[in-house]
Amino acid sequence: VDSGVVYTADATYPSADYDVTFTAVTINSALRPLYIFVRVQDVDNLYGVFLAVGVSLCQLYKKVAGAWTAIGSAFDEPANGSVCKLEIIGSVLKFYDDGVEVATATDTDITAAGKAGIGAGGGAELVVTTDDSHAGGVIDTLSVNDLGAAVTVKQLAALGVG
């Protein structure tokens, strides 16, 4: 059927700066990719990371008005068991594999918080249009973490704290 799926975390996000952290239990073949998304406005406007098995197949992407664009450098898939993080702060999108930054890109097209999400397979809404979703790609311990403006020491002092 060559269809893909996108699921979003339907919550109220305190800011547009957050990360999605997860454990890559199994990243399957190049024909069965996984996606992690941030700032999902709808299936036609989002940022994400494409994860598939193969040398330099993984990549950061943006989708604006339904058009996919690869951003940043390609990288190898995370090893099974890696703790990974897709982070968006301001206009900077980064992907980390076991705490090591492996990809970064700067883009200003999507600024609203939107939602975090995951995806699999292909279809018209995903990058690789000839791939079906597959149960072989597995992630675990998925969390969405707010990275909004932190309170500074000066702000705490002004509040009489510290």
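I started with Lys 115 and Asp 10, whose side chains meet in a salt bridge at 3.1 Å, N to O. This is a predicted model, so I keep that in mind throughout. The pair ties distant parts of the chain together: Lys 115 sits in strand 10, while Asp 10 is in the loop between strand 1 and strand 2 (18-26), and 105 residues separate them.

Lys 115 has 28% relative accessibility, so I list it as partly exposed. Asp 10 comes out at 66% and counts as exposed, because the cut-off for exposed is over 50%.

How many salt bridges does the count come to? I get seven.

I then checked Lys 62 and Asp 109, which form a salt bridge with their closest N and O atoms 2.5 Å apart. They also link distant parts of the chain, with Lys 62 in strand 5 (residues 58-64) and Asp 109 in the loop between strand 9 (100-106) and strand 10, 47 residues apart. Is Lys 62 buried or exposed? Lys 62 is buried, at a relative accessible area of 13%, whereas Asp 109 is partly exposed at 42%. I also found Asp 107 here: Lys 62, Asp 107 and Asp 109 are linked in a network of salt bridges.

One more pair went on my list, Glu 101 with Lys 94, where the closest N and O atoms are 3.4 Å apart. Glu 101 is partly exposed at 37% relative accessibility, and Lys 94 is partly exposed too, with a relative accessible area of 23%.

I see six strands in an open sheet, ordered 1-10-3-4-5-6, with antiparallel pairing. Strand 1 (4-8) and strand 6 (67-75) each have a single partner strand, so they stand at the edges and one side of each has no neighbour in the sheet. On average, neighbouring strands in this sheet are turned by 20° against each other, direction ignored.

Last, I followed strand 10. Five bridges join it, antiparallel, to strand 3 (residues 34-42); among the pairings I noted Val 40 with Lys 115 and Tyr 35 with Gly 119. Five of the seven residues in strand 10 are buried, and I call the strand mostly covered.

Notes:
Residues numbered from 1 in each chain as written. Predicted model: local features only at pLDDT ≥ 70, side-chain atom pairs only at ≥ 80, totals over all residues. Heavy atoms only, no water. Pairing = 2+ DSSP bridges. Helix = DSSP H or I, 4+ residues; strand = E, 2+ residues; numbered from the N terminus. Axes fitted to C-alpha atoms, helices over the stretch in contact; angles between N-to-C directions. Buried < 20%, exposed > 50% of the residue type's maximum accessible area, 1.4 Å probe, protein only. Salt bridge = Lys/Arg side-chain N within 4 Å of Asp/Glu carboxyl O.
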